[in-house]
Every structure is written in C-alpha cells, then in structure tokens.
Amino acid sequence: MTTAYTSTVVARGHVVVGVALGVVAVLLIRPWPVAVPVALVLVATGVYLGTVRLALGADGLRVAQGPWGRSRTIPRSAVASVSCTTLTTAQAFGLGLPWNRRASRLTPRRGPALVVELTDGEVLRITTPDPGAAASLAAANRKDDR
C-alpha cells in the first residue's frame with residue numbers, strides 16, 4: 001500500500017493506567033515470579049488499548065489497534081463516505097454513541113476523529129490528529145474512481 005497519510009495516536013491515560021496497575025501488581029502479588037509477568041501484561045494492555053494507527057493511501061485505508069500486530073485493510077471501493085468530527089469524552093469511550101453492532105471505534109481519546117462509512121453500512125470512528133487532511137485525501141481518491 002502506497003501511503004499518503006499516516007497517524008499514530010497514543011492516549012497517555014491508557015498507558016498511565018496500565019503502568020499504575022503493573023506497579024500495584026508488583027507490590028501486592030507474591031511470589032515475585034508471578035507478579036512480574038502479571039505487571040508486564042497489564043502495562044502491555046495499557047499500551048495496546050491506548051494506541052491507534054491509521055494509514056491512508058490511493059488503494060484504501062489501513063487501521064489498527066495497538067502499536068504492533070494485525071491491521072484491517074479497507075479497499076477504497078468499500079468506502080461510501082468520509083467525514084470529520086470532534087468527539088467528546090463520552091463519545092470517545094462509547095457513552096455518547098448509540099448502540100449499533102455495525103459501528104467500530106478506534107478512539108482512545110477525545111478530540112478530532114475521522115468517520116468512515118462503508119458500503120455495507122458499517123461506521124468506523126478513528127481518532128487522528130488531522131482528520132481533515134485524511135478526509136480530503138479519501139475524497140480525492142474516491143473522485144479518481146468515477
């Protein structure tokens with residue numbers, strides 16, 4: 001995939017909570033050989049849940065949760081529309097969004113986000129620093145298809 005826009009968002013709050021829980025685990029769990037792996041898993045979970053990656057190119061977009069691992073690739077033919085929004089804290093963590101099994105959120109923090117509606121009805125909300133640039137690029141790519 002040739003990439004024209006990329007972003008990685010790290011929500012410090014998730015990482016801080018993971019580290020804090022890891023420290024608590026080390027302090028409260030005995031024996032040490034059990035506490036350390038538990039602490040590492042808690043820290044890794046905080047980092048994983050607090051990181052969102054987005055890459056947008058001429059052939060579609062790629063989104064992923066966490067700094068490592070698999071990503072989901074969405075071809076541009078599957079994208080119905082792209083827009084920008086600003087999420088409140090309640091919306092970012094799911095409290096302000098209506099329950100919809102066809103909605104996916106990659107929103108570890110409040111603020112600017114890209115909203116991608118797919119042709120199958122699914123809606124993705126992805127936190128990114130500059131959703132306007134990503135939306136403009138996606139719109140230009142869709143015009144190329146016509």
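Reader: Before the strands: what makes two strands pair here?
Author: Two strands pair if DSSP finds at least two bridges between them. This is a predicted model, and in it strand β2 (residues 51-57) and strand β3 (residues 60-65) are joined by six bridges and run antiparallel.

Reader: Which residue is opposite Arg 53?
Author: Ala 64 in β3.

Reader: And what sheet do the strands form?
Author: An open one of four strands, in the order β1-β2-β3-β4, with antiparallel pairing. At the edges are β1 (3-10) and β4 (72-75), each pairing on one side only. Ignoring direction, neighbouring strands of the sheet are turned by 10° against each other on average.

Reader: Switching to helices. How do α1 and α2 pack?
Author: Helix α1 (residues 12-28) packs on helix α2 (residues 32-49) at an angle of about 175°, and their axes are 7 Å apart. Angles over 145 degrees count as roughly antiparallel, so α1 is roughly antiparallel to α2.

Reader: What residues make that contact?
Author: From α1, they include His 14, Gly 18 and Val 26; from α2, Trp 32, Leu 42 and Leu 49 are among them. The contact residues divide into 13 nonpolar, four polar and no charged.

Reader: Which residues have the most contacts inside the largest nonpolar core?
Author: Leu 54, Leu 61, Ile 74, Val 116 and Ile 126, in a core of 18 residues. At least two core residues come from each of β2, β3, β7 (111-118), β8 (123-127) and α4 (131-145).

Reader: What does Val 116 touch?
Author: Leaving out residues up to four places away in sequence, Val 116 touches Leu 61, Val 79, Ser 81, Glu 122, Val 123, Leu 124 and Ile 126.

Conventions:
Residues are numbered from 1 along each chain as its sequence is written. This is a predicted model: local features need pLDDT of at least 70, side-chain atom pairs count only at pLDDT 80 or more; totals for chains, interfaces and linings use all residues. Side-chain values use heavy atoms; hydrogens and water are left out. Axes are lines fitted to C-alpha atoms, for helices over the stretch in contact, and angles run from 0 to 180 degrees between N-to-C directions. Angles under 35 degrees count as roughly parallel, over 145 as roughly antiparallel, 65 to 115 as roughly perpendicular and the rest as oblique. Contact means heavy atoms within 4.5 Å. Ala, Val, Leu, Ile, Met, Phe, Trp, Tyr, Cys and Pro count as nonpolar, Asp, Glu, Lys and Arg as charged, and the others, Gly among them, as polar. A nonpolar core is a set of buried Ala, Val, Leu, Ile, Met, Phe, Trp, Tyr and Cys residues joined through side-chain atoms within 4.5 Å. Buried means under 20% relative accessible area, exposed over 50%, partly exposed in between (1.4 Å probe, protein chains only).
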